[in-house]
Amino acid sequence: MMTKEPLHNLTLASFHEGLLAKRFSALEMTQAHFDRIEAHNPEINAYLSVARNEAERQAEAVDVAVARDEAVGPLAGAPLAIKDCILVKGLPATAASKILEEYVASYDAGVIGRLKDEQAVFLGKTNLDEFAMGGSTENSAFGPTKNPRDLTRVAGGSSGGSVAAVAAHLAVAALGTDTGGSIRLPSSFCGTVGMSPTYGAVSRSGVIAMASSLDQVGPITKTVEDAAVLFNAIRGHDPLDATSAATAYDERELLSPDFKKTKQLVIGLPKEYFTDGMEPEVRLEVAKSVERLKALGFSFKEISLPHTKYALSVYYIIVPAEVSSNLARFDGIRYAAPAKAVHADNLTDLYFKNRGAGFGAEAKRRIILGTFVLSSGYYDAYYEKAQRVRALIRREFEDAFKGVDVMLTPVAPMRAFKIGARADDPLSMYLADVLAIPAKLGGFPAISIPTKPAAELAPDELPVGFQLIGRKWREADILGIGRLYEK
Amino acid sequence: MSSEINKQELERLAKLARLSLTPHEEEKFVKDLGAILDHFKELQSLDTAKVEPMSGGTDLSNVFRDDAERENTNRGAGTEAFPKKENGYLKIPPVFEQ
């Protein structure tokens, strides 16, 4: 029996239900998404590469299992998009950089191994700012990703390809990475749900490193309910990532929370996040979300996090420092030669030329800045100072979490901006993450939730996301509130 | 604290980072990095004498694996991407002047 509902509109939850009820097959679901990709990817540029044969084979295996009435998990057959800095064995992993243009992953990332165990389907690899450095996906060596709601605007970044794929129904859900805001900012700009988990909750093995003390893989989905399912599948200790923690999560609390308990959570509103520089539409939409949560029975409390304004400086010292170390390995030899070969007289010359030709402007800017803040004579004044202020910011969050359970803020002071509007001025681009960065410096989980569903947006209205920040390892709190909100 | 990255300093940093820059990039980066370092000055007003620097993102420490023999299951996977190989060796341009 075929249903009339377009398969690409399904969520992870409704797909799983329909698959088990045999209303459609996993192969039909995957093919429906490739049809959408063929029709819409040329204008959106969400995917850098697709893997149709592998994906259809994965989907068929799920259909065989379902036909035999074998038990399959909630992600079986679900067609996912994977950010191109996450390794899937046998598929390209370019990190949207010329220097990795020819690289094919030789092993699976930890999160990909887990999703393969769940029999998820990988449609392809998605666009990003080169090595995840940026807030708009304009730093990709392979062209910007466009916002599906308005093609003249950015999708946000750096996980712009993954987010645009979900927003345009070119994938049912996706994986991104979030270092300073790279999942939440594009989610706010495109109207998806995106979560950056607690640092250490998800393996970073096989994720091309940008800033190792901040990078986390997280879910990008159409609903908060789906985000809980995808997060639950990828979380967990991985011996191949020494910073991944063996923290015990209560799976039932993550997937089916007791909403009566959720409603007792106290939500803090940090006044430093509601600044004058904010677009009035963002202020209005987030205020409406607060009212809606009040109507649902939540109590709010105004709080203060006075060190918030220093987070941007701390972040842009620590991240380039880690970038300059992490990108030192890219020499144009170890991960395949760049497509455009250079002539070099000796090895040192080859390094200079490969790196000079292979990295884009933002990668180079951060390598230079990182080399500077770590160099002799400047280390104490910049890098160590930033580490000390980072400790202050974390402590401030921990103190605030003694009085509230969760914090609510805007994700960004603005909505999706025009392509090119900030591309030439790095500082103005960095400011897009000013409200997303602080939680990350302390390692706290944070989620972007659309203030209203896409169906309720006016034709020319741009999405806005609000952010919920939770205590460490308490994804259940922010997911639970989000699920009540979207009900 | 000097927040000056002039052309000479930029060239020194680029050399340390094994990065060739075009004259246009050099000009742009001197300007960009000046503005970024100016922004960082705000941190100097904070008293952090009594704060321990936070390194890394976790409170984990001394994460070791057992010192036991392990079977390598992904042998050769790291070398298959090398551009030029011979008898399992990686071929690169000469390191020393001839």
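In this predicted model, helix α13 (residues 361-374) of chain A and α1(B) approach one another so that their axes come within 9 Å and cross at roughly 100 degrees. The description rests on two quantities, since packed helices are described by the angle between their axes and the distance between the axes. On the side of chain A, the residues that meet the partner helix are A:Ile368, A:Thr371 and A:Phe372 in α13(A), and on the side of chain B they are B:Leu10, B:Leu13, B:Ala14 and B:Leu16 in α1(B). By residue class, the contact of α13(A) with α1(B) divides into 6 nonpolar residues, 1 polar residue and no charged residues.

A local feature of the backbone is found at B:Arg18, which has a positive phi of about 55 degrees although it is not a glycine. B:Arg18 lies in the loop between α1 (7-16) and α2 (23-40) of chain B, and this residue counts as partly exposed because it has 18 C-beta neighbours inside 10 Å, while a residue is buried if 20 or more other C-beta atoms lie within that distance.

Chain A has 17 helices and 13 strands. With a radius of gyration of 21 Å, close to the 23 Å that the globule rule gives for 487 residues, chain A is as compact as a globular protein of that length. The C-alpha atoms of chain A fill a box of roughly 65 × 55 × 45 Å, taken along the principal axes. Buried residues make up 60% of the 487 residues in this chain, and, among the contacts in chain A with a separation of 6 or more, 77% are accounted for by residues 24 or more positions apart.

Within chain A, an open sheet of 11 strands with mixed pairing has the order β1-β3-β2-β6-β8-β7-β12-β13-β11-β9-β10. The edges of this sheet are formed by β1 (47-50) and β10 (299-303) of chain A, each of which has a single partner strand, so that one side of each is left without a neighbour in the sheet. Neighbouring strands of the sheet are turned by 25 degrees against each other on average, direction ignored. In general, strands of a sheet pair through backbone hydrogen bonds, either parallel or antiparallel. Strand β11 (residues 406-410) of chain A pairs with strand β13 (residues 465-470) of chain A in the antiparallel sense, over 5 bridges, and here A:Val406 stands opposite A:Gly470 in β13(A). Helix α10 (residues 280-295) of chain A lies across β9 (266-270), β10, β11 and β13 of chain A, and runs at about 150 degrees to β11(A).

Two further backbone features were found in the loops of chain A. The peptide bond from A:Gly157 to A:Ser158 is cis, with omega near 10 degrees, and A:Ser158 lies in the loop between β5 (150-154) and α5 (160-167) of chain A. A:Ala95, in turn, has a positive phi of about 50 degrees although it is not a glycine, and this residue is found in the loop between β2 (79-83) and α4 (110-117) of chain A. A:Ala95 is buried, with 32 other C-beta atoms within 10 Å, whereas B:Arg18, which likewise has a positive phi, counts as partly exposed.

Technical notes:
Residues numbered from 1 in each chain as written. Chains lettered and ligands numbered in written order. Predicted model: local features only at pLDDT ≥ 70, side-chain atom pairs only at ≥ 80, totals over all residues. Helix = DSSP H or I, 4+ residues; strand = E, 2+ residues; numbered from the N terminus. Buried ≥ 20, exposed ≤ 12 C-beta atoms within 10 Å, placed from the backbone. Pairing = 2+ DSSP bridges. Axes fitted to C-alpha atoms, helices over the stretch in contact; angles between N-to-C directions. Contact = placed C-beta atoms within 7 Å. Rg over C-alpha atoms; globule rule 2.2 N^0.38 Å. Nonpolar A, V, L, I, M, F, W, Y, C, P; charged D, E, K, R; others polar.
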